[in-house]
Amino acid sequence: QLSQDDPRRSNVRILNPLTEEQSVMRTSLVPGMLEVVSRNLAYRSDDLRLFELRPVFEVVENQEQPCEKVNLCAAITGRREMQGWAQNNEAVDFFDLKGLVEVVAEQLNIASFKVEADAEQSYLHPGKSCRIYSGKTLIGVMGEVHPVVQDAYDISQPVFLVELDVPAMVASRKAAASFEAISRFPDVYR
């Protein structure tokens, strides 16, 4: 579902792969995450909260070695709350995923965190996706998986997915708050 000029189509081939399916290094964590979601849904695990933190490899022109970086991919689908007699059956939506990403950005102290509509990723729904920025630096994309992609993976319910560039997130962190120790000899007023 990637466009023909997408750099993620350029794969790094492995010289001695274990299987034909593992003959290239991955350029994105999204296909693997969607396979895991599909497999879990096939086993009737309908309420999923999954993540994966793994390296991805990009071909760089005029370099022998590919560029390796670590990405974080997460997916949610199913009910918002665990099944029970006192819980409602509301399904997760885009804003649940956005809230999770905002918590991660807050905990990592990401500077100038903002989201902009339409991630322009072919595997995400055009009206239900966005790009994630720290200042002017793109640190990821998130949104609802496109129905055509869901059908290709035999997924029958909406899946919301985020893929984040971990080195870009680390580079965009604000300076940690500092403090001064309290004086052992406090001021005395008479």
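**Labels and their cut-offs**

Student: What makes Asn109 count as partly exposed?

Tutor: Asn109 has a relative accessibility of 25%. Buried means under 20% relative accessible area, exposed means over 50%, and partly exposed is in between (1.4 Å probe, protein chains only). The 25% of Asn109 falls in between, so the label is partly exposed. Before we go on, please note that this is a predicted model, in which local features need pLDDT of at least 70 and side-chain atom pairs count only at pLDDT 80 or more, while totals for chains, interfaces and linings use all residues. Residues are numbered from 1 along each chain as its sequence is written, and side-chain values use heavy atoms, leaving out hydrogens and water.

Student: Where does Asn109 lie, and what is its phi near?

Tutor: Asn109 is in the loop between α2 (94–107) and β5. Its phi is near 60°, a positive value in a residue other than glycine. Arg44 also has a positive phi, of about 65°, although it is not a glycine.

Student: Why is Arg44 called exposed?

Tutor: The relative accessible area of Arg44 is 74%. That is over 50%, so Arg44 is exposed. Arg44 lies in the loop between α1 and β3.

Student: How do you know that Arg26 and Glu52 meet in a salt bridge?

Tutor: A salt bridge is a side-chain nitrogen of Lys or Arg within 4 Å of a carboxyl oxygen of Asp or Glu. The N to O distance for Arg26 and Glu52 is 3.2 Å, so the pair meets the definition. Arg26 lies in the loop between β2 (24–25) and α1 (30–42) and Glu52 in strand β3, so this pair ties together parts that are 26 residues apart in sequence.

Student: How many salt bridges does a search of the whole structure find?

Tutor: The search finds 13 salt bridges. Arg80, Glu90, Asp93 and Asp96 are linked in a network of them.

Student: What makes β5 and β6 strands that pair?

Tutor: Strands (E, at least two residues) and helices (H or I, at least four) are DSSP runs, numbered from the N terminus. Two strands pair if DSSP finds at least two bridges between them. Strands β5 (residues 113–117) and β6 (residues 124–134) are joined by 5 bridges, so they pair. They run antiparallel, and Lys114 has Tyr133 as its bridge partner in β6. The two strands form a hairpin with 6 residues between them, and Asp118 in the turn has a positive phi of about 65°.

Student: Is Arg131 buried or exposed?

Tutor: Arg131 is at 16% relative accessibility, so it counts as buried. Glu120, at 62%, counts as exposed.

Student: Why is Asp165 called buried, and what does its side chain contact?

Tutor: Asp165, in strand β8 (residues 159–165), has a relative accessible area of 17%. That is under 20%, so Asp165 is buried. A polar contact is a pair of N or O atoms within 3.5 Å; within protein, one must be able to donate a hydrogen and the other to accept it, and residues adjacent in sequence count only if both atoms are side-chain atoms. The side chains of Asp165 and Lys69 make one at 3.3 Å. Asp165 also touches residues including Val70 and Ile139, where contact means heavy atoms within 4.5 Å.

Terms used: Lists of a residue's contacts leave out its neighbours within four places in sequence.
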